[in-house]
Each structure stands twice: as structure tokens, then as C-alpha cells.
Amino acid sequence: FHARQASSSVSPSGRALAAGGLQHTVAQTSALGAYAWLFGGLDSSMNTLNDLWMFDLQTYTWYDRSSQTVGIIPEGRRGATMVVKEQRIACLFGGETSQRKLLSDMHLLHLGSGTDEPRWEAVS
């Protein structure tokens, strides 16, 4: 996912969104603002991530939403599929762990308005 470099609402740290990150999963919603949601991917050591980021398409600002997320957070993965349903729910499916284990699980991410706490829900 490439976007114009912009100011960020988070300070650079070990969890900061790295330019070298790979194979993240992205979905976009336009309800109550325009946001792109990024989940997982690989860090520079090729370990899978399970962090959640929101990119505000109006202000070009990234927000780390990982610590504000409730529910059971999916395990780290790369190459998953994520689509937004009805502008309020993102469906995350599959992917692969850093140990190359293929995943076939599904999780729903209740997005709210972008300022609400995102909530994960495992689908069985």
C-alpha cells in the first residue's frame, strides 16, 4: 500500500509502520470519513504482524489502532484477504504465518466510525 508521505499521529518506534513492511492486508471504507485499514504483514525480520493501522484519507495521517482494539485479535499473518462489507465491517480471511502455516480462519472487524474502538470477532 503506497500513500503520500504525511505526518503521523504516532512516534517512530519498534511498532511504527515501517517503510520496509511487506504483504500487509488493506481494506477501505468511506462511511463517516474515508479510511484505509491495514492489518498484519511482515516486519524487517520476516516475522508476521497482527497490528492494525488506520490511514485517514482526508488528512493523510496514519493511526496505530492496535492498542485500542477489543475482542480476540487474530494471530499475525501475511497475504490475507480483507474486504469491507456495508462500510462498517471488514472481513479478514486466511493468510500465512511466519512459520509458513496456511490459515483458513475468518475474523470480522467491526470498524465503527473510525473514532470508536475497532472490535474483532472470530467467525466459527
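Glu96 stands opposite Leu102, a residue of strand β8, where strands are DSSP runs of E with at least two residues, numbered from the N terminus. The model is a predicted one, in which local features need pLDDT of at least 70 and side-chain atom pairs count only at pLDDT 80 or more, while totals for chains, interfaces and linings use all residues. Residues are numbered from 1 along each chain as its sequence is written, and side-chain values use heavy atoms, with hydrogens and water left out.

## Overall make-up

The protein chain holds nine strands and zero helices, a helix being a DSSP run of H or I with at least four residues. Of its 124 residues, 40% count as buried, a word that stands for under 20% relative accessible area, whereas exposed stands for over 50% and partly exposed for values in between (1.4 Å probe, protein chains only). The accessible surface of the protein chain is about 7000 Å², and 51% of this belongs to carbon and sulfur atoms; such areas come from the Shrake-Rupley method with a 1.4 Å probe, and for residues only the protein chains shown count as cover. Among contacts in the protein chain with a separation of 6 or more, 45% are between residues 24 or more positions apart, a contact meaning heavy atoms within 4.5 Å.

## Strands and their pairing

Two strands are said to pair if DSSP finds at least two bridges between them. An open sheet is formed by five strands in the order β5-β9-β8-β7-β6, with mixed pairing. Its edge strands, each pairing on one side only, are β5 (70-71) and β6. Within this order, β7 and β8 (residues 102-110) run antiparallel and are joined by seven bridges.

Strand β3 is joined to strand β4 (residues 61-64) by four bridges, and these two strands also run antiparallel. They form a hairpin with four residues between them, and Tyr60, which lies in the turn, has a positive phi of about 55°. Asp56 stands opposite Thr61, a residue of β4.

## Nonpolar cores and a surface patch

A nonpolar core is a set of buried Ala, Val, Leu, Ile, Met, Phe, Trp, Tyr and Cys residues joined through side-chain atoms within 4.5 Å. The largest one has twelve residues in all, among them Tyr35, Trp37, Met54, Leu92, Leu109 and Trp120. At least two residues of this core come from each of β2 (35-42), β3 (48-56) and β7 (89-96), and the largest share, three residues, is supplied by β2.

Arg88 is found in the loop between β6 (81-85) and β7 and is partly exposed, with a relative accessible area of 40%.

On the surface, Phe93, Met106 and Val123 form a nonpolar patch with about 230 Å² of accessible area together. Patches are made of residues with over 30% relative accessible area and no salt bridge, like charges being joined within 9 Å and nonpolar side chains (Val, Leu, Ile, Met, Phe, Trp, Tyr) within 5 Å. Val123 belongs to strand β9 (residues 119-123) and is partly exposed, at a relative accessible area of 36%.

## Salt bridges

A salt bridge is a side-chain nitrogen of Lys or Arg within 4 Å of a carboxyl oxygen of Asp or Glu, and a search of the whole structure finds three.

| Pair | N to O distance |
|---|---|
| Arg77 and Asp105 | 2.8 Å |
| Arg78 and Glu96 | 2.2 Å |
| Arg100 and Glu96 | 3.8 Å |

The side chains of Arg77 and Asp105 meet in one of these salt bridges. Because Arg77 lies in the loop between β5 and β6 and Asp105 in strand β8, this pair ties together parts that are 28 residues apart in sequence. Arg77 is buried, with a relative accessible area of 0%, whereas Asp105 is partly exposed, at 24%.

Arg78, Glu96 and Arg100 are linked in a network of salt bridges. Glu96 is buried, with a relative accessible area of 13%, while Arg100 counts as exposed at 58% relative accessibility. Arg78 is buried, as is Glu96.
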